[in-house]
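Me: I would like to go through some of the labels attached to this model and see what each one rests on.

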Amino acid sequence: MPGLVTGGGAFAVRLTHRNPAAAPGGAMAQVFTVDCAMTDEPYLPIPRKEKEFRILALSGGGYLGVYTAALLADLEDRVGEPLGRRFDLIAGTSVGGILAVGLGYELPMRQMLALFLERGRQVFSQRALPRGAMSRLIDLTRSVLGPKYDGVALRTALTDFLGEATLDSALHPLVIPSVNVTRSQTKVFKTPHRAASKGDEDMRAVDVAMATCAAPAYFPAVPIRGELFADGGLFCVAPDQVALHEAEHFMGVNVNRVRMLSLGTGTLGYQPSEGVSDDAGAVGWLSDGRLLLTLISVQQQHVQAMMEDRLASRYLRLDAPWPQHAGLGIDVATAESARILTAMAQETMRTLNLRRLDSFLK
């Protein structure tokens, strides 16, 4: 049985390493699913007193996902079992997609956080944000003729966790946005949790995770079935609306039953460290990741407003204010960045209304 094996107990998860070059193995048993209308699909209903349909949505943001991973680890500690078991649908984009895949296979979130903390500097950069015009220009040249990073270290780390597992062996329903750059079309990878959601079941979880986080100019596009895929954040940094659409239109869930917990990447109120100006050019917009961070921040802000209108008190968003002068960035994987991002997650948990939080978890 490739990848991982699940069993009883709060964290009865055994991770196995598999040589990617080995012959593909069989699919893992599907033992978990959603509580929806009657269906002949292989998933079984989750027993709950309420008839709520619970969604977890995880936003993108590169190495800023350390904040998200730290939150997820704390939430999993709080419930005392794999966090994916508390949700009927899990959605994630970019780094949020990596974490969503981990949840879908019940990988312990403390181990996922450790992956970021221990291997982040192999995946991204150990350099701090460049200071001064010349340093910024030099940094920009690293992605002029090709992607800034080759993605090998990330793929290796994910394969260590997931092996050859395919989407049909996920333990919980997933939706993972990406972009088919060969066709210039949006793409949402899905587990086969309903008949209308089939088609991706034989895709390797590692390939899907790599595709959703393949940010242009940062990582190479990912080939799947002869086509190239890139970061889902190109159209959907925050996958909340995609997840709600999946629940309503493909899973037949009444929106009044939906309760959604949404996690950001600490970009609330983003401002570049040196402020903004009306005559910024390519260097001004592209250096320090300013353009991407602006897109990440405003997309999450817009989606939050839309979801609050649709779900009202049945929507809870966890995020943190952007620390303008902390030297954070989407590919800044320094020890200081990790310390700041984990501290931000701790502060979010400290100031939460835990009673309200628990209504989204229990």
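**Labels and their cut-offs**

Reply: Arg225 is found in the loop between β7 and β8 (227–231), where helices (H or I, at least four residues) and strands (E, at least two) are DSSP runs, numbered from the N terminus. The model is predicted, so local features need pLDDT of at least 70 and side-chain atom pairs count only at pLDDT 80 or more, while totals for chains, interfaces and linings use all residues. Residues are numbered from 1 along each chain as its sequence is written, and side-chain values use heavy atoms, with hydrogens and water left out.

Me: Why does Arg225 count as exposed?

Reply: Its relative accessibility is 53%, and exposed means over 50% relative accessible area, buried under 20% and partly exposed in between (1.4 Å probe, protein chains only); Arg225 therefore counts as exposed.

Me: What makes the pair of Tyr270 and Trp322 edge-to-face?

Reply: Rings of Phe, Tyr and Trp (its six-membered ring) pair if their centres lie within 6.5 Å, and planes under 30 degrees apart count as stacked, over 60 as edge-to-face and the rest as tilted. The centres of the Tyr270 and Trp322 rings are 5.2 Å apart and their planes stand at 70°, so the pair is edge-to-face.

Me: Why is Tyr270 called buried?

Reply: The relative accessible area of Tyr270 is 9%, so Tyr270 is buried, and Trp322, with 10%, is buried too.

Me: What makes Ala217 partly exposed?

Reply: Ala217 has a relative accessible area of 36%, and therefore is partly exposed.
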